[in-house]
Amino acid sequence: MIGHTNFSTADWAIVVGFLVISTGLGMWAWRYMRNMEAYVVAGRAVRPYLGVASIIASEMGLVTVMYSAEKGYTTGFAAFYLALSAAVASLVVGLTGFIIVPLRARGVMTIPEFYEQRFGRDVRVCGGLILAFSGILNMGMFLKADSLFVTSVMGMLSGEQLKLAMTVMLGLVLTYTLLGGMISVLITDYMQFVIMSIALVAVSVFLMAQFSWGQLVSTVEAQKGLAAIDPLAPGGMGPVYMIWMAFLGLIGACVWQTSVMRAASAEDTRTVRITFSWGSLGFLIRFMVPYFWGICAFAYLLQRPDLLGEGVPDQSLRAMPVALANLLPMGAIGVLTAGMLAAAMSTYNTYLHTWSAVLTQDLVAPLAHRELGSTQRIWIARGIMLLIGVFLLVWGLWYPLGQHLWDYMAVTGAIYFTGAFAVLTAGLYWKRASRVGAYAAFACGFLNIISLTPVADALGIQRESGMLYSAIVGLSCAALAGVAMVAGSLLFPDRRSDASQEVA
Amino acid sequence: MGFWKALWAVMWFGGLALFAVLAVIVTYRGALDVAALLKRLSQNDQG
């Protein structure tokens, strides 16, 4: 099934050229990879500007563009609040060094490694398992959302074409991430940052020339009401959801493993602060630009509702790529698609690399009966990466989303980070934090799983607003985890020799 | 209402302009950092 699009042969040439160069560059980096430290944190030799390029490129995936455009398309300008809270949180983390600087100073490669230093090996294994479970589930929708973009831009609307696109994209990223590890990730991230930045700015300027700011504001206000401008207006996000989003902004910057991996790879703690302070602008842009594209798509498709195709699923997710494929001229769509593929690949490689490293370092290695050598660990990480790739393909095709993609991402992440936030904060800044407290906090965080649509349905939980429900559950679990950490630590302190470990 | 409209406009135009400048700086300085990273990894390898 083919929908209308301006995508042409010239655009194909641009996209194929980008894919060949990007994959080749990633594979070339293989020659620099000699041991597990080079594989996981690039020999801890990353300087500030490469760090900034890498954090922006990997945190702004095509999936981010897709779920944010959907949020802009459905929620209007009020969604800009989410971008603001993420940027402020990253800036605060960069300026204060909250969590990330003491973690870097301890020299850990993964968060669970810190759990072992502070609480013991069993806490590391438990934390690593929850982290990887949550992270891989979180990544589960990446492939489908990204392939929806590619197929929509190219005018391909059938399910078979979607499956083919998903398989090809996954194969390319696996090829170079499997071989080169973090060095490949950093080098391709840099190239992808450059292409992605050009695409983001150029397409935004083009859209501003098509739709005036005043025209967009009045259209959104007339069609969606006050709540599309003012997040506090009746029927809008509301204060509970806004607080939840502010908390997510903070977590995204300082507790999410992919961000922490950037801190771990940095040359020193000064580089960590610079990366996160300047990276805050990236955190703002990664949400705000796609919101704007989604709003433009809404204004455009009001005039051309036929373009979405009658009966084609995932209409709110497809809206932005379908609108851009018909608004942008030939050639520009190729640059946009290459830029978005760059965004997708830089995120895939980071996430695949991160979760396979966590499982190898924090689950397989501690449970192995003998010390594993560097070469063995690298091969185990590669095997795990391959398995994660197969999971992504199956999950992306099978899982019934049933909620906005952004809310799915928030809930799956919350399974890990609400507990981890309490464990990390207490572990780094409170001498009396104990392992029982850590286990209790992890358990409270895991309760977030009841926010997933199929789980809530299976439990028969009635909810008027999915957004408000997940916000209430998320904030409650975060508060519970904090209380459990403190209560567990006070009631069941570690033995004297354990408790005397240094805190940062 | 006027507050929110003004805030979103300032964020959009200011944020996009700042990002464009940042992108140019990071592209240039980042290339130097990539070269330094590869040089350091090569030296480690020889050492």
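Tutor: Start with the contact between the chains, to which chain A brings 35 residues and chain B brings 27 residues. On the chain A side, the elements giving two or more residues are helix 3 (48-59), helix 5 (80-96), helix 10 (159-210), helix 11 (213-224) and helix 14 (269-303). Helix 10 of chain A gives the most to this side, with nine residues. By class, the side of chain A that touches chain B has 29 nonpolar, three polar and three charged residues. Keep in mind that this is a predicted model.

Helix 11 of chain A contributes A:L216, A:T219, A:V220 and A:Q223 to the contact. From helix 14 of chain A come A:I295, A:C296, A:F298, A:A299 and A:L302. That contact of helix 11 with helix 14 in chain A has seven nonpolar residues, two polar and no charged.

Follow the chain past helix 5. The loop between helix 5 and helix 6 of chain A holds A:I99. Its phi is near 70°, a positive value in a residue other than glycine. A:I99 has 27 other C-beta atoms within 10 Å, and is therefore buried, the cut-off being 20 or more.

Step back to the whole chain. Chain A has 22 helices and zero strands. Of its 504 residues, 61% are buried. Among contacts in chain A with a separation of 6 or more, 85% join residues 24 or more positions apart.

The chain has two parts: domain 1 (9-399) and domain 2 (403-504) of chain A. Their centres, taken over C-alpha atoms, are separated by 23 Å. The contact between them takes 36 residues from domain 1 of chain A and 32 residues from domain 2 of chain A. On the domain 1 side, helix 4 (62-75), helix 6 (100-106), helix 7 (111-119), helix 8 (121-139) and helix 12 (238-254) of chain A each supply at least two residues. Helix 8 of chain A gives the most to that side, with nine residues. The side of domain 1 of chain A that touches domain 2 of chain A divides into 26 nonpolar, six polar and four charged residues.

Helix 4 packs with helix 9 (residues 142-153) of chain A at an angle of about 75°, with their axes 9 Å apart. Helix 4 and helix 9 of chain A are therefore roughly perpendicular to each other. A:L62, A:V63, A:M66 and A:Y67 make the contact from helix 4 of chain A. A:F142, A:A145, A:D146, A:L148 and A:F149 make it from helix 9 of chain A. The residues of this contact of helix 4 with helix 9 in chain A are eight nonpolar, no polar and one charged.

Conventions. Residues are numbered from 1 along each chain as its sequence is written. Chains are lettered from A and ligands numbered from 1 in the order in which they are written. This is a predicted model: local features need pLDDT of at least 70, side-chain atom pairs count only at pLDDT 80 or more; totals for chains, interfaces and linings use all residues. Helices (H or I, at least four residues) and strands (E, at least two) are DSSP runs, numbered from the N terminus. A residue is buried if 20 or more other C-beta atoms lie within 10 Å of its own, exposed if 12 or fewer, and partly exposed in between; C-beta atoms are placed from the backbone. Two residues are in contact if their C-beta atoms, placed from the backbone, lie within 7 Å. Ala, Val, Leu, Ile, Met, Phe, Trp, Tyr, Cys and Pro count as nonpolar, Asp, Glu, Lys and Arg as charged, and the others, Gly among them, as polar. Domain bounds come from an automatic or database domain assignment. Axes are lines fitted to C-alpha atoms, for helices over the stretch in contact, and angles run from 0 to 180 degrees between N-to-C directions. Angles under 35 degrees count as roughly parallel, over 145 as roughly antiparallel, 65 to 115 as roughly perpendicular and the rest as oblique.
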